[in-house]
Amino acid sequence: MVLQTIWGWQPALYLFLGGMGAGAFVMAAVLYLLDQKRHAKIVCISMWASAICLGVGLLLLLSELIQPARGLMMWQSFSHFTSWMTYGAWGAFAAIAVFGVSAVLATAKVGKKCVQDEKQAKRFVLVRKVLALVGIALGVFVAVYTGMLLMMAPGVPLWNTPLLPCLFAVSGIDTGVALVEIVAVLLAKKDPLAPRARVLMEGIVVGLVAMELVVLGAFLLSMAGGEGSVVAATAAQSVELLTSGILAPYFWGLVVVCGLVLPLVVAIVGLVPRKQHANTPMAVGAAGAIVGGCALRFLMLAAGLHANVVAETVINMIG
């Protein structure tokens with residue numbers, strides 16, 4: 001059996017927070033690009049949330065290093081552009097910078113100070129649009145990188161497939177959209193979500209969940225069908241842990257039902273034309289997506305390491 005035992009619970013939270021933060025910025029940026037006058041509060045809070053999620057996630061990842069402080073000196077620690085670790089570190093750093101600046105500019109007080117006349121207003125909007133487009137590209141990169149980080153790790157057959165970065169990228173953007181939905185629900189009285197924006201977000205959720213189901217199914221089938229080598233057999237054992245072993249209740253209950261089926265049903269119902277949509281179903285679907293996305297990361301680590309990371313995480317966090 002091929003095992004990798006150096007991973008703790010902090011990287012799992014980074015994989016979740018990093019992907020969700022990246023996805024939240026992508027959704028917030030899309031809302032801003034569609035309409036620069038509406039949803040200012042939703043966009044602002046969502047961009048702050050995206051920067052904080054990614055920042056906290058990276059700090060958790062750095063805490064796993066033998067010398068965390070050295071990891072902050074990126075010009076020394078990540079100066080050789082020959083690995084995904086280096087590209088990912090600089091990509092995440094650039095994403096935090098763009099997310100943070102975008103969040104600051106989205107703040108109402110800053111906007112008022114920067115805009116004194118019509119000419120400055122046009123420049124201000126142009127800068128925010130450019131940052132939004134760059135941030136979308138960086139957000140997609142970060143979402144993909146969370147899966148690349150595992151795929152490039154040696155000794156874990158379950159993770160050694162390009163389908164894993166695809167799965168984490170789709171899941172990350174999906175949980176990010178869910179985070180923006182929760183922000184929209186919380187700000188419903190101060191900044192009501194326009195019908196067009198609501199339909200767009202529900203449609204995106206349907207597309208992302210459908211895509212995630214396809215990628216997840218392809219991932220499980222490809223890993224479960226391995227024969228003829230110790231590596232392939234180990235990957236198959238990992239899939240068995242997920243689908244019918246000790247991790248199966250968490251996988252089917254939290255990832256599939258809570259994280260995929262529930263948001264999909266809520267989104268489809270939300271697309272049905274009606275005069276007024278209640279915010280509670282959207283919040284429930286979004287919460288389910290976030291819970292499922294977080295569980296997916298922990299379970300992928302648990303199945304890959306052939307360990308009950310769920311129990312170990314609880315013990316480590318309370319003890």
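Guide: Three cavities of 30 Å³ or more are found in the structure. A cavity is a set of points, on a 1 Å grid over the protein atoms alone, where a 1.4 Å probe fits but cannot get out. The model is predicted: local features need pLDDT of at least 70, side-chain atom pairs count only at pLDDT 80 or more, and totals for chains, interfaces and linings use all residues. Residues are numbered from 1 along each chain as its sequence is written, and side-chain values use heavy atoms, leaving out hydrogens and water.

Start with the largest cavity. About 50 Å³ of space lies in it. (A volume is the space filled by probe spheres set on the grid points, which are joined across faces, edges and corners.) The largest cavity is lined by 13 residues, and the closest to its centre are Glu-181, Val-205, Pro-263, Gly-285 and Ala-286. A lining residue has an atom within 4 Å of a point.

Which elements supply at least two residues each to this lining? They are helix 8 (163–186), helix 9 (195–224), helix 11 (248–270) and helix 12 (279–305). Helices are DSSP runs (H or I, at least four residues), and strands are E runs of at least two, numbered from the N terminus. The lining of the largest cavity divides into nine nonpolar residues, one polar and three charged. Here Ala, Val, Leu, Ile, Met, Phe, Trp, Tyr, Cys and Pro are nonpolar, Asp, Glu, Lys and Arg are charged, and the others, Gly among them, are polar.

Now follow helix 9. Pro-195 has its place in helix 9. At 63% relative accessibility, Pro-195 counts as exposed. Its C-alpha atom and that of Pro-273 are separated by 9.9 Å. Along the chain, Pro-195 and Pro-273 are 78 residues apart.

Glu-202 is found in helix 9 too. Glu-202 counts as buried, because its relative accessibility is 3% (buried is under 20%, exposed over 50%, partly exposed in between, with a 1.4 Å probe and protein chains only). Glu-202 and Met-282 are 80 residues apart in sequence. C-alpha to C-alpha, Glu-202 and Met-282 are 8.7 Å apart in space.

Step back to the whole chain. The protein chain has 13 helices and zero strands. From the N terminus on, its elements run α-α-α-α-α-α-α-α-α-α-α-α-α. The chain has 319 residues, and 50% of them count as buried.

Val-26 lies in helix 1. Val-26 has 11% relative accessibility, so Val-26 counts as buried. The C-alpha atoms of Val-26 and Gly-135 are separated by 7.1 Å. Val-26 and Gly-135 are 109 residues apart along the chain.

His-39 is not a glycine, yet His-39 has a positive phi of about 60 degrees. Is His-39 buried or exposed? His-39 is buried, with a relative accessible area of 4%.

Leu-54 is found in helix 2. The relative accessible area of Leu-54 is 0%, so Leu-54 is buried. The C-alpha atoms of Leu-54 and Ala-92 are separated by 7.9 Å. Those two residues are 38 residues apart along the chain. Val-56 is also in helix 2. Val-56 is partly exposed, at 38% relative accessible area.

A pocket is an open set of points with protein on both sides within 12 Å along at least five of seven lines. About 390 Å³ of space lies in the second largest pocket. Its lining has 20 residues, with Gln-36, Ala-40, Ala-106, Ala-108 and Arg-128 nearest its centre. Two or more lining residues come from each of helix 2, helix 5 (84–106), helix 6 (108–114) and helix 7 (118–151). Helix 2 gives the most, with five residues. By class, the lining of the second largest pocket has 12 nonpolar, three polar and five charged residues.
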